[in-house]
Every structure is written in C-alpha cells, then in structure tokens.
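Keep the structure open while reading.

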Amino acid sequence: MQVDAVVLDIDGVLVDVADSYRRAIVESVERVYGDSIVKADIQQFKNASGFNNDWELTDAAALFVLTARETDVDIAGFTDAIADRGGGLDAAKAVVRELLAAGSEDVFDAWDAEQLRAVFQTLYLGSELYRDIEGGEPAFDAPGYINDEPKLVSEATLERLQRRYQVGVVTGRPAAEADIAMDRVGLELPDEHRFTMDDWEQGKPHPRALVTLAERFDARRVAFAGDTLDDIQTAVNADDEDPDRVYYGVGVLTGGLTGEDGRATYAGAGASAVVESVEDLPELLE
C-alpha cells in the first residue's frame, strides 16, 4: 500500500466520541421524549449508512422511539429497513410511513428536529461554547461533553505521517468543532487540506471531498482511515469515480466497530486494510 497522501476522519479515529457525540445522541432523545435508544444501538444506525451527521442520527433515533410506541418494531428491524432503502434520514422517514401508514403523521407531528438539535448542541458543546458557536442561549446549563474527548492519536504518530505523506482530513463535524478536535490532538492543517460539514453538501460516502483532496495533493495513491462503513464506502466510491488514482479505505477499530466482528464487517464493505488504531497506520503504510 504505497501511498503519497493520507486522509483521516476525526471521530473514532483522532478522538474518542463514545462519551461525547454518542452520549449526546442518547441523552438528547431521552430529554425530549422521556425514553431513548441505548448507546450500542447507535452503531446499527451507522451500519445502515447515511448517518455521518449525528444530528440526523439523533433525528432518526427519535423517530424510532416514537414509532416503537405504536408498533412492535425493534432497533434491528428498523435499521435494517433503513439500510434496505439506501440509508440516511430520508430512508428512516420512509420506514416510519411504511410501518404506521396514516398513523405516521402523529409521529411526525411529535418529532421536533429543531428542539433535538438545540438539546444535542447544548449537551455536546456546553453552555459557554454553545453561546460562542451557535450564537444564542443554550437550552439549559451544561458543562459540554466536547471538553472530555480522549485522544486516540499521539503527536508523534501525526508527525511521522506528516513527515512522509501529505495529510488531510474529511469529517462530518462542523468546522468549529473540527478545529477543537484537531487542536486537542495537535494536528495543524491549512483549510484547503480538510473538508468539514460546512465545506460540502453531500457528506460521506459521496467521494467529492476525498477526490478533491487527492487533486489538491497531486497524489496518485491515497489512504483514507475512518471508523465507519461510510468512510470505507467513500474510498470505494472515490476509486470508482477517479480512474487516474487509487484509493484505499482503512478501517480503524477505535470507533463503533471493534474486534474480529469489526474486521469482518470492514472486509465485507471493501476495506483495503484494518488497523487496531490510527497509531498503527504508519507501520501499515511503510
């Protein structure tokens, strides 16, 4: 795997978000609707594809909770049905309509994406950062889970990668939140070497961001390391779209996919390689 550029995801690769983003998903639905999914269920939404945006995953989790009150659908059945429809929030809405027919309107009336987002951002950012980033008053007082995200990568590993390769970032985070995570791990990149939620409409697994970075790097062979199936699919899609370059999707086992089951799931999605953590990436590439 002789590459000349390395592109990194942030969540589950550079920082651990199990007790930040994923905790905020569960608790946002709980605060708004009185009950919620469990944290392990989040991976089933991720595996269904199309949920690189955790606000939309929170919306889909809320739709599941509201729908489960009216039917006997379980989380596996709900997320499998989403996957069968191509993944993402629109697919989740279609599943609700199919399961409840005319009764789905009651669910959509109760579903409040704006309130869910405000609660999510308050929990995740905390009161002070909420005022700075969102430009308004938080829904309640909170310390902010973003302040306690453990680092998954050492500065030595980042320096090693940057010495040998051109390095970029493709993330579903908003730019301000990407800045905070990159500052935490000590990764400095020019703006043109990263794509955030604010930089492109499609999001992963659409290949535009990855192909654009490869073009900016003038790279011939690119490795993209991520912690979800959408990350792997992004590399697969880029390889299909861009015949002039080779793209490798590298699965990282520090996010929701772990252990031998995680390795098998990545392999089934077309991953070129799987590593225990991003710390193992330099050795893989060298």
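Strand β1 (residues 5-8) is joined to strand β2 (residues 166-170) by four bridges, and the two run parallel. Strands here are DSSP E runs of at least two residues, helices are H or I runs of at least four, and both are numbered from the N terminus. Two strands pair if DSSP finds at least two bridges between them. Opposite Val7 stands Gly168 in β2.

This is a predicted model, in which local features need pLDDT of at least 70, side-chain atom pairs count only at pLDDT 80 or more, and totals for chains, interfaces and linings use all residues. Residues are numbered from 1 along each chain as its sequence is written, and side-chain values use heavy atoms, with hydrogens and water left out.

The β1 and β2 strands belong to an open sheet of six strands, ordered β3-β2-β1-β4-β5-β6 with parallel pairing. At the edges stand β3 (194-195) and β6 (273-275); each has a single partner strand, so one side of each lacks a neighbour in the sheet.

Now the whole chain. The protein holds 13 helices and six strands. Its radius of gyration is 19 Å, close to the 19 Å from the globule rule for 286 residues, so the protein is as compact as a globular protein of that length. That radius is taken over C-alpha atoms, and the rule is 2.2 Å times the number of residues to the power 0.38. The C-alpha trace spans about 55 × 40 × 30 Å along its principal axes.

Of the 286 residues, 55% are buried. Buried means under 20% relative accessible area, exposed over 50%, partly exposed in between (1.4 Å probe, protein chains only).

Two loop residues deserve a look. Thr228 lies in the loop between β4 (221-226) and α11 (229-241). Ser277 lies in the loop between β6 and α13 (281-285). Which residues does Thr228 contact, leaving aside its neighbours within four places in sequence? They are Lys46 and Tyr266. Ser277 touches Val252 and Thr254, not counting residues up to four places away in sequence.

| Residue | State | Relative accessible area |
|---|---|---|
| Thr228 | Thr228 buried | Thr228: 7% |
| Ser277 | Ser277 buried | Ser277: 15% |

Terms used. Contact means heavy atoms within 4.5 Å.
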